[in-house]
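Good morning, colleagues. Please turn to the structure that I am about to display, and I shall take you through it step by step.

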Amino acid sequence: MFRSKLGVLAILVTVSAGLAAACTTTTGGTASPSTGLSAATGSPSADPEVPKVPVPLDASKYVADTCAIVPKDVLASLGLPETGTFQAKGDTLFTKAGPTCAWKIRGQGTGVLVSLGTGSRDAGSGGLAGLYAAYRAKTLVRFLEHAPDVDGYPAVYWGPLDERPMGSCGIGVGIADDLTFDVYAQGYQGADDSCGAANQVASSVIKTLKGA
C-alpha cells in the first residue's frame, strides 16, 4: 500500500543529498554557488521560501518505536488498529529515509503511515528544504503545495503527483530545520477525507512530541 510512496521518500535521500553536494563548488579554495542549484538546494536559512521551524522538537525517543508516536485514541477515532507495523531505518530502497509505522484497516485498503525523516537528515537532505529542493529539481517530487501549519509547525502537501482527489494525501511537517515527519493517508474518499485523516494524525504527532 505504501511502498511506492516510501520508495519516493527513500530515493529523495540520495537525490536531495546529491543536489545539496552540488550546491557549492570550490575554485582556488573559495566556495561559490553552482549555476541554477543554490536557490533550490541550499540550507533552510539560505532559501526564503522554506519555512523556518520556530521551536524544534526532539523525536529521538520515537526512532526505535515510531508506532508509539500516534496516540491510541486518535487511531481509534479513524477506525485504525491500535497495533501498527514498525520498520526501522535501513539500507533498502524502502527504509533509507527513516523509521516508519503503518496502520491498515484490514480488508478495506485504507491506512495511515508515519515516517520520521532521520535518514534524510543524516544524508544532508532533511527538513522541508529537502522537499523543496526535490520539487524544484522535478525528478521525483512533482507536486508540492503549502499546507496550513500543524499546531504551529510549518507543513507542505507533497508527492510524485497530486493524488488528493483520488483519496491519498501526504503531508510533511517540519519539526526542525533539518528534520520532518511525514504522514500518508491512503484509500480514503477524496481530498477532504484523506487530508483530514493525515492532518489529524500529524496534529497528534506534534502533541506527542510536545509531551501534551
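What percentage of the 212 residues of the protein chain count as buried? The figure is 51%. Please bear in mind throughout that this is a predicted model.

Let me begin with the overall composition. The protein chain contains 6 helices and 9 strands. If we take the contacts with a separation of 6 or more, 57% of them are between residues 24 or more positions apart.

I turn now to the sheet. It is an open sheet of 7 strands with antiparallel pairing, and its order reads S3-S4-S5-S9-S8-S7-S6. At the edges stand strand S3, residues 85–87, and S6; each has a single partner strand, so one side of each has no neighbour in the sheet. From one strand to the next, the twist averages 20°.

Let us follow some of the pairings. S5 and S9 are antiparallel and pair over 6 bridges; here Gly111 has Gln186, in S9, as its bridge partner. S8 and S9 also run antiparallel, joined by 7 bridges. These two strands, S8 and S9, form a hairpin with 2 residues between them, and Cys169 stands opposite Ala185 in S9. S7 and S8 are joined by 3 bridges, again in the antiparallel sense, and Tyr157 faces Ile171 in S8.

Is S8 largely enclosed or largely open? It is largely enclosed by the rest of the structure, because 8 of the 8 residues of S8 are buried.

Helix H5, residues 127–137, lies across S6, S7, S8 and S9, and runs at about 30° to S7. H6 lies across S5, S6, S7, S8 and S9, and its angle to S8 is about 20°.

We come next to the interior. In soluble globular proteins, nonpolar side chains tend to be buried together. In this model, the largest nonpolar core has 41 residues, and the members that touch the most others are Val70, Ile171, Val173, Phe181 and Val183. Among the elements giving two or more residues to this core are helix H3 (72–77), strand S4 (100–105), strand S8 (169–176) and H6. The largest share, 8 residues, comes from H6.

Not counting residues up to four places away in sequence, Val183 touches Val112, Leu113, Val114, Cys169, Gly170, Ile171, Ala198, Val201 and Ala202. There is also a second, separate core of 13 residues, which includes Ala129, Leu131, Ala134 and Val141.

Is Thr208 buried or exposed? Its relative accessible area is 16%, and since buried means under 20%, Thr208 is buried. Which backbone oxygen does the side chain of Thr208 reach? It is that of Ile69, at 3.0 Å. Leaving aside neighbours within four places in sequence, Thr208 is in contact with Tyr62, Ala68, Ile69 and Pro71.

Thank you for your attention.

Note on methods: Residues numbered from 1 in each chain as written. Predicted model: local features only at pLDDT ≥ 70, side-chain atom pairs only at ≥ 80, totals over all residues. Heavy atoms only, no water. Buried < 20%, exposed > 50% of the residue type's maximum accessible area, 1.4 Å probe, protein only. Polar contact = N/O pair within 3.5 Å; in protein donor to acceptor, adjacent residues only side chain to side chain. Contact = heavy atoms within 4.5 Å. Core = buried A, V, L, I, M, F, W, Y, C linked by side-chain atoms within 4.5 Å. Helix = DSSP H or I, 4+ residues; strand = E, 2+ residues; numbered from the N terminus. Pairing = 2+ DSSP bridges. Axes fitted to C-alpha atoms, helices over the stretch in contact; angles between N-to-C directions.
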